[in-house]
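Biologist: I would like a close look at a single part of this model. Please keep the answer brisk and connected.

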Amino acid sequence: MREVFRNELDDLATQLVEMSVKVHAAMRLANQSLRSNDLELAEEVIEADAVIDHMQYALDQQAAEMLALQAPVAADLRAVIGSLRMSASLERMGDLARHIAQQVRIRYPESAIPDHFADTFTRMGESGEKIAEATENLLSNPGLTAVPTINAIDEELDELHLSIFAKLAEAPAGSLAPRHIADVTLLSRYYERFGDHAVSVSQKVEYLLTGNWEPYLSKK
């Protein structure tokens with residue numbers, strides 16, 4: 001029975017890695033569609049999000065069965081609950097990549113990004129891809145060394161998010177249409193939240209490895 005449970009835990013870990021691979025691909029394609037105003041790529045991201053949703057459902061169903069049938073305790077219980085929470089964060093990251101692609105679809109054939117904001121969103125896209133890749137690497141090879149990297153990239157996204165509002169405040173009155181203001185505000189928020197969910201995944205991994213939740217409680 002114990003060997004069966006251990007195999008099931010390994011399977012949960014494998015499913016999380018597979019979800020992170022899909023999320024990384026979704027962010028990469030969403031960025032490409034936004035930069036090039038490519039409707040076909042945007043549609044690909046939107047359609048592929050259903051796969052990530054299904055993966056979360058399958059993982060959560062398996063985890064719930066493990067809790068009911070195996071009644072794990074201590075570190076094993078943390079691993080199952082952590083998997084549930086990480087799958088939720090990864091699913092949400094997929095949703096946010098989809099939201100970026102949907103913004104491309106909404107504005108097509110116009111671009112969702114005014115020229116004045118193009119450089120900032122290029123940097124946000126690069127940071128989004130870097131944090132998705134770091135999250136994938138963390139889940140593929142769990143360890144503490146990737147956690148500071150994810151935190152640092154998240155801070156980059158936070159700073160870029162704030163810079164969007166500074167640019168909006170500095171823009172001459174009437175130079176931006178209301179739809180442009182809405183677009184850049186929404187897109188910036190999607191990237192910022194994408195980073196937050198990556199940090200949430202890294203926190204869960206660190207907790208599973210150390211059993212210590214105090215650093216995160218002290219931040220609240």
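Which helix gives the most to the lining of the largest pocket, and with how many residues?

Modeller: This is a predicted model. Helix α1 gives the most to that lining, with six residues. The largest pocket has a volume of about 380 Å³. Its lining counts 16 residues. Nearest the centre lie L9, A13, A79, P142 and L208. Three helices each supply at least two lining residues: α1, α3 (74–107) and α6 (178–210). By class, the lining holds 12 nonpolar residues, one polar and three charged.

Helix α1 also packs against another helix. It spans residues 2–36, and its partner α4 spans residues 118–140. Their axes lie 9 Å apart, at an angle of about 170°. Angles over 145 degrees count as roughly antiparallel, so α1 is roughly antiparallel to α4. On the α1 side, the contact is made by L16, V17, S20, V21, H24, M27, R28, N31 and R35. On the α4 side, T122, G125, G128, E129, A132, E133, E136, L139 and S140 take part. The residues of this contact divide into six nonpolar, seven polar and five charged.

An unreviewed UniProt entry places the feature "domain: PhoU" at residues 16–104 and 122–204. Residues 16–104 are 94% helix and 0% strand, with end C-alpha atoms 28 Å apart. For residues 122–204, the values are 86% helix and 0% strand, and the end C-alpha atoms lie 29 Å apart.

Note on methods. Residues numbered from 1 in each chain as written. Predicted model: local features only at pLDDT ≥ 70, side-chain atom pairs only at ≥ 80, totals over all residues. Heavy atoms only, no water. Axes fitted to C-alpha atoms, helices over the stretch in contact; angles between N-to-C directions. Helix = DSSP H or I, 4+ residues; strand = E, 2+ residues; numbered from the N terminus. Parallel < 35°, antiparallel > 145°, perpendicular 65-115°, else oblique. Contact = heavy atoms within 4.5 Å. Nonpolar A, V, L, I, M, F, W, Y, C, P; charged D, E, K, R; others polar. UniProt positions renumbered as here; feature names shortened; annotations may be inferred. 1 Å grid on protein atoms, 1.4 Å probe; cavity = no way out; pocket = protein on both sides within 12 Å on 5 of 7 lines; lining within 4 Å. Points joined across faces, edges and corners; volume = space filled by probe spheres on them.
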